[in-house]
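Please have the model open while reading this note. The points below concern backbone geometry and aromatic contacts.

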Amino acid sequence: MENTGPEQKQKMPKTKKRLLIAALALVVLLAASLIAIPLMVMPSFLGQRYEQRQYQSLDYGIGSERITLTTEDSLALAAWRTRADDTKGTVIILSGIQNPSVTAFFGYAKMLADNGWDSLLIEMRARSESEGDEIGLGMTEWLDVKAGVDFLSGDAEVKALPVVAMGTSMGAGTVIIAAGELPAVDAVISISAFSSWSDLFIDNMTMFGIPRFIGVLDRPFLSLYLGLHFGFDALGYSPVNGIAKLGDRPILMMHSTEDSQVPFSEFETLLKKARENDIDTSTFIREGDEHFVCYEEFIGNPAQDAQFSQAILDFLSALSL
């Protein structure tokens, strides 16, 4: 017969209490770990400047004018302007989170000039010759694009012509954010953009072997960290939010299927959001791990990558019809 005497009844509450304490301890340990992840990882991105190798436009067969832009938050940015004969408009060009410098894209400016487009290459804040103490993951850099747009709007020769914002990697995310905030941006070319910093953070955790559910659980703590750092209003500045604000302005989205820096799933997230909002979207998808989408050997002369360059030029041609 089962023993249900006073002694056994005393043991049952003690066992439940121990289980409850163990469960609470696990919850506290998990919460502490989730709080610690942004604290450990994000300082490797924030609070830093990046010094980059600088390139000369003449080495790419095109002249340039070095200018200085001033942002709304009073930073002086290095920028270079290249010109085309009988210009159709201006393409603002941004690079990525760290390397290379935007001056590595003078080959793109040459290709654009050969096809009737001026370029304005902007070195985003906290990089090389530009002022600024830290990168802003696109949440502050969209103001760098605004400085370029404001500069062009003050030039009587081009202010009535189209302005296209083109960026690679974090620069791609930044131009989408900027276009969402700036109606004066007439079109966007996005090369390997992330959908949001938190999405990229989670995807990279997964690539490093951390179970995805840990990253998903960490999202609120990452947002809290970034909100405290940049201000909670800045959390609204993400590519996935920006792309929904494009309205009738077109975007060309370019990505590679095996991108090891910004996973293809980020492209799919952005494309889904664009289609949900009836955005005029063109795509160029390349097989393999090609973060710049343009084949590496043609970065200095993208016109030699026929499929890549033609996708860009066809998109621009539609704007100037």
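The numbered points follow, and they refer to a predicted model.

1. Start with the backbone at N99 and P100. The peptide bond joining these two residues is cis. Its omega is about -5 degrees. P100 sits in a loop, with β3 (90-94) on one side and α2 (106-114) on the other.

2. Next, L137. This residue is not glycine, yet its phi is positive, near 60 degrees. L137 belongs to the loop that runs between β4 (118-122) and α3 (142-153). Is L137 buried or exposed? Its relative accessibility is 2%, so L137 counts as buried.

3. Relative accessibility is 12% for S169. The cut-off for buried is under 20%, so S169 counts as buried.

4. Turn to the aromatic rings. How many aromatic pairs are there? The count comes to 10. Take Y55 and Y60 as one of them: the ring centres are 6.5 Å apart and the planes stand at 70 degrees. Edge-to-face requires planes over 60 degrees apart, so the Y55 and Y60 pair is edge-to-face. Y55 has a relative accessible area of 23%, which means that it is partly exposed.

5. W80 and F106 make another pair. Their ring centres lie 6.4 Å apart, with the planes at 85 degrees, so this pair is edge-to-face. What does the pair tie together? W80 is in strand β2 (residues 76-82) and F106 is in helix α2, so the contact links parts that are 26 residues apart in sequence. Both W80 and F106 are buried.

6. The charged end of R66 sits over the W80 ring, 5.4 Å from the ring centre.

7. R286 is placed over the face of Y295. The distance to the ring centre is 3.7 Å.

8. Finally, the aromatic cluster. Which residues form it? F105, Y108, F284, F292 and F308 come together as one cluster. Display these five side chains as a group when checking this point.

How values were computed. Residues numbered from 1 in each chain as written. Predicted model: local features only at pLDDT ≥ 70, side-chain atom pairs only at ≥ 80, totals over all residues. Heavy atoms only, no water. Helix = DSSP H or I, 4+ residues; strand = E, 2+ residues; numbered from the N terminus. Buried < 20%, exposed > 50% of the residue type's maximum accessible area, 1.4 Å probe, protein only. Phe/Tyr/Trp six-rings, centres within 6.5 Å; stacked < 30°, edge-to-face > 60°. Lys NZ or Arg CZ within 6 Å of the ring centre and 35° of its normal.
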